[in-house]
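Please look through the sequence and the structure shown here before reading on. The paragraphs that follow lead from one place in the chain to its surroundings.

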Amino acid sequence: YFGPPYHDGLRPYQRMQLLEADPMAIKEFVQRIGAGEALREICKSKGVPYGLVFSWITEDPSRAATFFAAFALRAAEVTAANRKLLMCPQCAAKNLI
């Protein structure tokens, strides 16, 4: 794992343990996914391995449902925006969308 330097003295697995213990962690992930940030980017910014985070998300059905609902909503928003671009390229060129 090669992420930005952290000065908290913790190893990635220790940060992951803190994340797992934080009841608000999934909320932050959902908000950031909803804002268009990739899960890998979020993991890198928090200094935790993507694979561990993905496993943590998917091992709990409630957490997984919350996460994937946010992901699906973001995908629908991007699809709708792209559809608008296809329908009105002149509007997109003028930044009207």
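Where is the place of glycine 47? Glycine 47 sits in the loop between helix 3 and helix 4, where helices (H or I, at least four residues) and strands (E, at least two) are DSSP runs numbered from the N terminus. This is a predicted model, in which local features need pLDDT of at least 70 and side-chain atom pairs count only at pLDDT 80 or more, while totals for chains, interfaces and linings use all residues. Residues are numbered from 1 along each chain as its sequence is written, and side-chain values use heavy atoms, with hydrogens and water left out.

At 0% relative accessibility, glycine 47 counts as buried; buried means under 20% relative accessible area, exposed means over 50%, and partly exposed lies in between, with a 1.4 Å probe and protein chains only. Although glycine 47 and glutamine 14 are 33 residues apart along the chain, their C-alpha atoms are separated by 9.7 Å.

From helix 1 the reader can turn to helix 4. The axes of helix 1 and helix 4 come within 11 Å and cross at roughly 20°; axes are lines fitted to C-alpha atoms, for helices over the stretch in contact, and angles run from 0 to 180 degrees between N-to-C directions. That angle makes helix 1 roughly parallel to helix 4, given that angles under 35 degrees count as roughly parallel, over 145 as roughly antiparallel, 65 to 115 as roughly perpendicular and the rest as oblique. The crossing of helix 1 and helix 4 is right-handed, a term used if the near helix is turned clockwise from the far one by less than a right angle, with left-handed used if it is turned anticlockwise. On the side of helix 1, Met16, Leu19 and Glu20 take part in the contact, and they meet Leu52, Val53 and Trp56 in helix 4. By class, the residues of this contact divide into five nonpolar, no polar and one charged, where Ala, Val, Leu, Ile, Met, Phe, Trp, Tyr, Cys and Pro count as nonpolar, Asp, Glu, Lys and Arg as charged, and the others, Gly among them, as polar.

Helix 4 (residues 50–59) also meets helix 2 (residues 25–34), and the axes of these two helices come within 12 Å and cross at roughly 105°. Helix 2 and helix 4 are therefore roughly perpendicular to each other. Here Ala25, Ile26 and Phe29 in helix 2 meet Val53, Trp56 and Ile57 in helix 4, and this contact has six nonpolar, no polar and no charged residues. The buried residues of helix 2 are Ala25, Ile26, Phe29, Val30, Arg32 and Ile33. Just after helix 2, glycine 36 takes a positive phi of about 100°.

Which residues does arginine 32 touch, not counting residues up to four places away in sequence? They are Glu37, Ile42, Ser45 and Lys46. Arginine 32 is buried, with a relative accessible area of 18%.

Side chains of opposite charge can pair when their charged atoms come close. The structure holds six salt bridges, a salt bridge being a side-chain nitrogen of Lys or Arg within 4 Å of a carboxyl oxygen of Asp or Glu. One of them joins glutamate 37 to arginine 32, with the closest N and O atoms 2.8 Å apart, and glutamate 37 is partly exposed at 23% relative accessibility. Another joins glutamate 28 to lysine 46, where the closest N and O atoms are 3.2 Å apart. Glutamate 28 lies in helix 2 and lysine 46 in helix 3 (residues 39–46), so this pair ties together parts that are 18 residues apart in sequence. Both partners are partly exposed, glutamate 28 with a relative accessible area of 29% and lysine 46 with one of 26%. Glu28, Arg32, Glu37 and Lys46 are linked in a network of salt bridges.

Notes. Contact means heavy atoms within 4.5 Å.
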